[in-house]
Every structure is written in C-alpha cells, then in structure tokens.
Amino acid sequence: MMRFLSLMLLLTCPSLLTARETDDRYIVERCMQSLAAFTQYATSIYVDAGVNDAGKPVGYFRATDAGKSNEDGVRTNLDIAMVCAFVGTFFTEGVAYPQPSLPKGVTAEGLRRMALASLRYGYSTHHTVRLKKCTEGKYWGTYQDENRTWHHQWESSLWVLSMAFAEKFLATDSDDSQNIQKVVESEADYQLSRPVPHGYKGDTKAEENGWEANVLAVAWSKYPGHPHAEQWREAMIRYGLNGYTVDADARDTTMLDGKRVCEWYAGTNLFPDYTLQNHHYFHTSYQNVVMQEQAESILATYYLNERQNTCLYRSLTWHWQEVWEQVLAQLALADGELAMPNGNDWSMFLYDQLPAYAAMATIMRNGDALMLERKCLDQLLLRQKTTGDGRYLLNADIGARRMGVTAHRVMMTILLHRLFPTDHLQVTEWEDFQQRYAAARVFPSQHLVRAMTKERFTCLSWSEGLKNFTGCIVPNRVEDSKIMIPYKKGFGGNIIGEPKSFPEKPVVKTDGNAWTVSGRIDGEPFVIWSTPGNAVIVMNRPAYMALSYDPFTKEEREIREGDQWVNIDNSVAVVGNQRYGIGEKKVVNSIGTRVLTGEGKATVYFSGVSAAESARLAKKTKIKEKGYLLTLKTQDPDGTRYTMTLNRVTGEYTHQ
C-alpha cells in the first residue's frame, strides 16, 4: 500500500522530487514525453463502434485486423487503451509530473473517452460477457462452457493485463468493473485447470508462463475476497518461477515464497547456459521479455492490490541475475541494443528490452542495467522522431500492434521507476562495462561465440534449428553501432556470405577476448579470427556485410573505395584483395538494407577507422597464395601485427 501511495504522490506532486535530476526523473520524463507524442498516432487510428448491448459507447484502436477477435485486433486495442488511459489520467494540467504538451488536437479528456470506449469494447467482446461481437462476428478469450469444458485462446491472458491497468487508470462504473471481473476470473481460472507447461528446444514456454503469471497476479491483486484468491496466488508464483527455469531447479531446496524451489518447479524452459530458443533459434527478444513479464506481475501485485499489504515475490525474479550476467549483459551493445546473432524475424532495432533493463535497474538495483536503459531509451526516442506522427517506427512488421506493444513497454518503464526508485544507485560507465564483459564466451547450447574489445563487439552463431550460420561486427561507438545490421540470407549472412548448403558444425576456440571459428562451407575450409585487438580476419570467404540505409540509422552512407579496401562512414573498413559491390536497397525487417559483397579469398574488417586509415591498413595487409596455403598478414591501427595461414585442403590453420 505504501508503494502505491508513493507512486501517486510522485506522479501528482513535483515538489517531492529533489532538485537534482535523478536517473528516475530523467527516464520518467522522457518516457512521458514519448507517450504524449504517441497519442497523435493513437488518436488517428481510433474507430467509434456504436454501443454495446448495454447501451454504452464502444470503440477500438484499429490494427491490421481492425476490431477482430485475434491477437492483432484485441492486443492492439487493449494495449493502446491502457496507454491512452494512463496519459489521459496522469497528463492532466496541474496533476501529472512532468507535464509534457499533448499534440495539437489531442486532449486528456478525449484520451480518457477513447480509452473507456475501447476498454468497454474489449470486455464486451469477450466470451464471458458477450455484449458485442468483434468485427468479424466472433468473441475472443478463454472461457468455460455450460458443460464445464475449457476453450482456450492462446495469449488471451496477456491481453487482460492491459485491460486491468486501463481500468485502474479510468473512472469506470460498477457495471464495467463487474464485466471486467468476469473476464479476469475466466482467464485466471483456466490456469488452475492445467499443469504449468514447459519446454526449451526450439519453442520455450518461458514467455508464455510469464504472461500466464500476469493474469494470475491481476486476479489475486484485484479480488482478495474471491474464493479462488489463494489458488491464484499460488499459481502466480508457480507460473512466475517457471519462466527462467533450468534442470538444476528440480533439485534446488532454496526456500522461496513459502516452498522450496524444487516444489515450485514444473519443468525446464532454459538450456543449462541460461539461454533459450523460440522460433527454433536463439532469440534475444524472447530472452529478455520473460523478465519484463515477470516485472509486470510484480507491478500488478503492488499497483492493483486491493489489500493493505504488499510484498516482493522473489519467485518472480528467479534466475534474473544469472540470465543477466551470463546472457543479456554478454550481448549488450554500445547503443543499448542486444545483439541478435542469427538476425531477427520481426522489426529490427525495436529496443524492446527497455522494460527488462528497467526491471534489473529498479528491482535488482543493477548499475549496468541503468546505464544500458538510458542508452536504449535514447535510441527508441530517436526512432520515434523519424515517423512524424508519434509512431515508434516506420515499416513496422505488424503495424499498429507493434506500436501498441512498444507504448505498453514505455509505460511499464515509468511505473517501475516510480515504484522502485534507483536513488543512490551508481550508473556504470560504458568503458568499465566493456572491459568486464570483454572475454570471449561460448554459449554451447546455441553454438554461439561472442567477445568484445575496446573497438568493437563480435559474434558468430551456427543455428541448427534455423539452419543458419552468420555473425555481426558492431563498433563500440553509438553513432556507428547500426552500420552492419543483424542479417541472414539463406544458410548464411554477415561475414559468412551465402553458402549453397548448410555448413557442418564449426569448431570454436577462445583465448582471452579473442576467438576463432573454423570448419567447412560447401566443402571448402574456412577460418575466422576475432583478434584481441581491432582486426577480424576471415580466410577463404569473400566479404559480406549488410549495411543499413534508413531514416533512423542513416539514409545515406559515405562509401569510399581504394586499392583493395572500402570504408563506410569513416568508421568501418573492409580490406582484402577483392573487388567490392553494393546491392540495391531493400526493406529488411523494417530497416532499409544494402548488402556489400566482395570477390576474394580473404577479408579483414576494422572498426572505428577513417578512410585515410583504411588506405594505410590496406597497404600493410598482404595476402598470398602458395600451393594449398593461403596466408594473410595485417596490422591494427596501433601497429599490432597479425599473421594467419590456412591450408585450403586440410583446413589446418595457424595464427599469431
């Protein structure tokens, strides 16, 4: 209860904040400005839909499947309803802190009206209420029929979280509240009727358990007198803990929220190295979203709690520290993005890890996460400014649904910082973070290797489920961090090129902050050496590098070429005895992309070097073929020399 009161006081009383600009104030203010800008877009896609069978005005926010009963229709509507309810309630002049200006033509009163109508559309079209049909003539949601048989709709419990928060922000009447309770009860009771799912190879159940915990947290928090309340609470803990679970949890006797971990444990959702797979490959968006969902359950138990006491359920933060240190922090880049070693199958550069960073920074008081959160937020807001109407990105993969999900995450970031302030938390400097996570690391479950030097981050991943072999080189400068984008093409992509067949499993070796990967592609041996300095040396493969050309990343890039070298934006150099070409611009996962290719036997990539330096490095780079031996000699800008030789028959190599 005290946490809830603190939140309200901080949101309504600017004088309670210190004059010093704290990290919380900086983040909250910028998030609120972002949501205010977003309302222009939200208003433009709102549709009045008449009245429900109870005579109340209803409407919805138009997705691609406008007003329909599927994820695109319902999730989009309820996410944006929640955000508009939040903005319309807390952005009223004289009430909210801070007080950003709403776009021209948008008012707090208008936002509340749209939010209430779309909230009513949300509950009216649920199977348990049936006061209106969705636009295609169906109802949505999980429900139990007259024969007590359950009918489950995948993900529907996730959408109810947004419904519950929207109700909290709005002045709803008793009929609204009773109908929302029917929806929440049904979605929560279904979770009591089945065992907690689990699985980790190709299709983790971690994120699904995360959102099932959400609706249970809502039900337990909102309806303390309900006969199922204690069952909901226990199920919330069980689903919540069974997000980031590993095999060892089956034997863990740590006491957590009233039981031993092994008693809460229902099955494994992570590999032993704490990585996960979804869509049949290692996917960093799914790796972090579990943490976000668990944090939202924590927010629900505080913010929606009708009881007089609250507590932090540590089961909802189970293995956060291990996932952070052993996976997420290992893949964090200079702009706050998380590396995607095998590319992405949805819009790129979403910075959707913002609330996961916020959760680590606020709940776990992690200075690394606070540093990365600020970087991530900077980029998210820069991308929003490229759209002109408050949307978060151009060419979105799933249109309005992507906008609603992003706005949802920005709002939850605000609530995390208001409920769990980061007062007196020391923010990490990027240079210190980079040095601590410099050492090369292999994720054996994912056949992935990564490392970082002061100049750049490198990674390479062989994905058996997706059947793809690709990598990325990312300079450690924010302004250059999106030159080479996460990209895959057929069996390959960045660094590897386009194999005709899926390569056999490569051999990975590490040495300090350097790594080598060797094997055969289309029957030919290759070796890649991410050196302990700047150079990344690729033997017996041509240059291949996907470049971004986009209003967010950079619409035009300065390409300069010389004798055996090419330089991009006075930052990234590609050196080798080959001719280079750049393909046509195509939109790939929301980002304009052109692919740089070469025709040669060896390539060296450098980061953070000018065109003039590229020319000098090219002169210092010598590539020789003698019989079966391919030898490359080069040096870093600081003069450090490297020599690598590959036997193009046996695949044996040496380097120094």
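Two strands pair if DSSP finds at least two bridges between them, and the strands themselves (E, at least two residues), like the helices (H or I, at least four residues), are DSSP runs numbered from the N terminus. The model on your screen is a predicted one, in which local features need pLDDT of at least 70 and side-chain atom pairs count only at pLDDT 80 or more, while totals for chains, interfaces and linings use all residues. Residues are numbered from 1 along each chain as its sequence is written, and side-chain values use heavy atoms, with hydrogens and water left out.

Begin with the open sheet of 8 strands, whose order is 15-16-17-18-26-22-21-20 and whose pairing is antiparallel. Its edges are strand 15 (507–511) and strand 20 (559–562), each of which pairs on one side only. From one strand to the next the twist averages 15°, where angles run from 0 to 180 degrees between N-to-C directions and axes are lines fitted to C-alpha atoms, for helices over the stretch in contact. Now select strand 22 (residues 572–575) and strand 26 (residues 602–606), which run antiparallel and are joined by 3 bridges; Val 574 has Tyr 605 of strand 26 as its bridge partner.

**Helix 16 and the four-stranded sheet**

Next select helix 16 (residues 611–620), which lies across strand 20, strand 21 (565–568), strand 22 and strand 26, and runs at about 155° to strand 21. Helix 16 also lies across strand 27 and strand 28, running at about 140° to strand 28. These two strands belong to an open sheet of 4 strands, in the order 27-28-29-30 and with antiparallel pairing. Strand 27 (622–626) and strand 30 (653–655) are the edge strands here, each pairing on one side only, and the twist averages 10° from one strand to the next. Between strand 27 and strand 28 (residues 629–635) there are 5 bridges, and the partner of Lys 622 in strand 28 is Lys 633.

**Arg 648**

Move on to Arg 648, in the loop between strand 29 (641–647) and strand 30. Leaving aside neighbours within four places in sequence, its contacts (heavy atoms within 4.5 Å) include Glu 524, Asn 540, Lys 601 and Glu 625. Its C-alpha atom is separated by 67 Å from that of Met 114, 534 residues away along the chain.

**Helices 7 and 10**

Now select helix 7 (residues 206–222) and helix 10 (residues 284–303), whose axes come within 8 Å and cross at roughly 5°. Helix 7 is therefore roughly parallel to helix 10, a description used for angles under 35 degrees. Among the residues making the contact are Trp 211 and Trp 220 of helix 7, and Tyr 286 and Glu 293 of helix 10.

**Helix 2**

Finish at helix 2 (residues 23–44), whose 22 residues reach 33 Å from the first C-alpha to the last, close to the 32 Å expected at 1.5 Å a residue; the expected span is 1.5 Å times one less than the number of residues.

Conventions: Angles under 35 degrees count as roughly parallel, over 145 as roughly antiparallel, 65 to 115 as roughly perpendicular and the rest as oblique.
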